[in-house]
Amino acid sequence: MEIMSPQNTRVKEWAGLQEKKHRDKAGKYIVEGIHLVQEALLAEAEVECLAYDLEKGMPAELKPLLQSVQGMEVIGVSAAVIAKCSSTGTPQPLFAIVRKEQQGLEAILGKQDSWVMVLDGVQDPGNVGTIIRSADAAGADGVILGKGCADLYNPKTIRSTMGSMFHLPVVEGDLSDILPHARERGALLVSTSLTGVDSCYTHDFRGSQWLLIGSEGQGISPQTAAFVDKSIIIPMAGRAESLNAAMAATILLFEGMRQRDIHRR
């Protein structure tokens with residue numbers, strides 16, 4: 001099948017997925033570029049259709065994967081269609097339309113010694129995506145996005161994850177509902193604070209721990225802070241006032257990974 005006109009009804013629907021209201025209504029999102037599409041296919045995400053630039057042809061990296069995917073429509077399109085559906089100034093040669101899947105909160109809660117990153121009001125899509133990528137790299141069991149966070153399916157968030165959103169559960173939900181369940185399952189809820197007694201290098205990250213990171217401007221909300229069991233500090237030797245959310249989260253994740261790996265040996 002081929003679609004050449006950017007005025008085609010389906011193309012307009014695809015392009016609409018750049019906006020959250022249309023993603024929510026359709027229950028779908030758009031993934032752009034060879035690497036991200038490849039990650040979606042390898043993770044067996046529910047890819048509804050794959051559109052590629054007819055002039056450039058199907059990328060060689062994807063051809064082997066197409067043979068094992070069933071129920072996915074493959075459509076050749078014009079460069080004008082690609083441009084209309086792209087969120088960047090230099091469009092990638094293909095994109096995929098993916099159905100949103102049920103969130104895996106129970107899988108995270110049921111994990112023994114769960115190691116989870118929780119975001120509260122982190123609004124920058126780049127930071128949210130980077131934290132998901134760091135959580136994946138550090139071996140976390142999942143990421144929870146509370147209210148006020150950037151949409152997981154925002155194209156900027158997706159690009160920043162570099163495919164990690166397909167490697168571990170990422171759940172969007174209300175922290176006032178989720179955190180009590182984590183506590184009931186034995187999780188220690190830990191946040192960062194300039195008034196923390198322990199540093200992140202003396203805190204013991206073993207056992208079930210959920211790490212809470214808030215927005216750069218406000219930190220975690222008072223409602224979320226009420227659930228926190230312990231606050232720790234990231235020590236800084238220089239004059240910087242603070243770290244951005246993604247950097248702070250990454251430091252905690254990798255120190256936690258280091259400690260937990262040492263005690264597994």
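Of the 265 residues in the chain, 48% are buried. The model is predicted.

Start with the whole chain in cartoon view. It contains 11 helices and 12 strands. The radius of gyration is 20 Å, close to the 18 Å that the globule rule gives for 265 residues, so the chain is as compact as a globular protein of that length. Turn the view to the principal axes: the C-alpha atoms fill a box of roughly 60 × 35 × 35 Å.

Next, show contacts between residues at least 6 apart in sequence; 79% of them join residues at least 24 apart.

Switch to the surface. Colour the charged side chains: 26 are positive and 32 negative, with the centres of the two sets 2 Å apart.

Now select helix α9, residues 175–184. Which of its residues are buried? They are Leu175, Ile178, Leu179 and Ala182. Look down the axis of α9: these buried residues fall within an arc of 95 degrees, so they line one face of the helix. An α-helix has 3.6 residues a turn, so residues three or four places apart point the same way.

Select Gly186, which follows α9 and has a positive phi, near 95 degrees.

Methods: Residues numbered from 1 in each chain as written. Predicted model: local features only at pLDDT ≥ 70, side-chain atom pairs only at ≥ 80, totals over all residues. Heavy atoms only, no water. Helix = DSSP H or I, 4+ residues; strand = E, 2+ residues; numbered from the N terminus. Rg over C-alpha atoms; globule rule 2.2 N^0.38 Å. Buried < 20%, exposed > 50% of the residue type's maximum accessible area, 1.4 Å probe, protein only. Contact = heavy atoms within 4.5 Å. Lys, Arg positive; Asp, Glu negative; His and termini not counted. Charge placed at Lys NZ, Arg CZ, Asp CG, Glu CD. Arc of directions from axis to C-beta.
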